[in-house]
Amino acid sequence: MRISVIGTGYLGAVHAAGMAELGFDVVGVDVDAAKIETLNQARMPFYEPEFEPLLAKHVGKGLRFTTDIAEIADADVHFICVGTPQRRDSPAADMSAVDGSVDAMIPFLKDGSLVVGKSTVPVGTAERLAERIEVATPESVTVELAWNPEFLREGFAVQDTLHPDRLVLGVNGDNAESILREVYARTIAEDQTPVVVTDLPTAELVKVAANSFLATKISFINAMAEIAELTGADVTQLADAIGHDDRIGRKFLNAGVGFGGGCLPKDIRAFSARAAELGAGQSVAFLHEVDAINQRRRDHVVNLVRTHLGSLAGRRVAVLGAAFKPNSDDVRDSPALSIAGQLHLSGARVTVYDPKAMDNAARIFPTLDYADSANAAVEGAEAVLHLTEWPEFRELDPEQLAASVATKLIIDGRNVLDREAYRNAGWTYVGLGRP
């Protein structure tokens, strides 16, 4: 069986390498020639742990990348892995890349091909695309469409591809299910991975429902942090206490500056927009507040800095973190970078350090200052903001750090630093939702 992967961004590139690891001949296709060249040199166009060794293992040995869509003609299974970002003019998903990829592949689909969507799309997309393919292909060519949503976590994408916690197969018949079970046979056999077989709309809803639930859980604990700050309660102890209830669970109950990245923010907005189109906007109206709470956390950190420093004009602020999460260089909708930008626009002199995301951050906010280490970033700072939970930030020595700053004020936007160690070293430690 030969496999093609359309789109070699974060999802597609990792999926292509993962399919090669599972033993298939794979071609990845993208319109970005520079990205294709980088991948064919077995180098990463983005940072992801464990990805580069996987590329090096398979590029030129069953895995190749190209800009020529015609090279998918020999493939039996075609995975759609292109992006669905938020539209510029509305909260809805921009489906131009998905539609364009389907139109581009149609002339090269052979009889018996299976097209498999992995991109996160509004419910109803799969049925629409299936009709599009049926109309555009000759009567002698039978092509099926299935939906196999992705559940990758940045920083763990390779593991999540090769050892997923579940496989969702949205199909219209036994043949498509049989082919997908063959694709994932090794994963199912070795890991005893649960397989959930659904219809197409259910498979589409699974991803957005999962992301909406996770976003709601994060915003819930951040709402509790707002109450905790007004009452003197400790939101981390609150989370520990309610997390022992197995109906709730402790995961994703970490109060802080909120969520970001290329998935959760745009997915809950697109889900809300699609629900409104279906006449069910009130059913997910709570997601608007989930989004609002998340955005409010960023403003709250800026206001905390202003509370402690007064006017921000000319004040030196160090921001530790630019990526939206550790083990990633992704700065899309990053709370850390958003806060840094707001402080800069308020007149502060902001210096940012991140172990992996400096180049991406500088492309978005070239007017910020960037340092090559945490110690260099805090030099002369009147406030230090810990905003991305990189392990190296948790390991910083409060005593040593104190020697570099102008004012020993640290705002822990992730609530993971050793509060007592910082206070014992003379710091004013400010957590979110903690006394």
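Which residues touch the most other members of the largest nonpolar core? They are Ile3, Val26, Phe51, Leu55, Leu63, Phe79 and Leu180, out of 41 residues in that core. A nonpolar core here is a set of buried Ala, Val, Leu, Ile, Met, Phe, Trp, Tyr and Cys residues joined through side-chain atoms within 4.5 Å. Buried means under 20% relative accessible area, with a 1.4 Å probe and protein chains only.

Keep in mind that this is a predicted model, where local features need pLDDT of at least 70, side-chain atom pairs count only at pLDDT 80 or more, and totals for chains, interfaces and linings use all residues. Residues are numbered from 1 along each chain as its sequence is written, and side-chain values use heavy atoms, leaving out hydrogens and water.

Back to Leu55: setting aside neighbours within four places in sequence, Leu55 is in contact (heavy atoms within 4.5 Å) with Ala17, Leu39, Ala42, Arg43, Met44, Leu63 and Phe65. Another core lies apart from this one, with 30 residues that include Leu312, Val317, Ala322 and Ala348.

Now for the rings. Rings of Phe, Tyr and Trp (its six-membered ring) pair if their centres lie within 6.5 Å; planes under 30 degrees apart count as stacked, over 60 as edge-to-face and the rest as tilted. That rule gives 4 aromatic pairs. Tyr10 and Phe46 have ring centres 5.2 Å apart and planes at 45 degrees, so they make a tilted pair. Tyr10 is buried at 17% relative accessibility, and Phe46 is buried at 12%. Ring pairs also bring in Phe51, linking Tyr10, Phe46 and Phe51 into a cluster.

Note on methods: Buried < 20%, exposed > 50% of the residue type's maximum accessible area, 1.4 Å probe, protein only.
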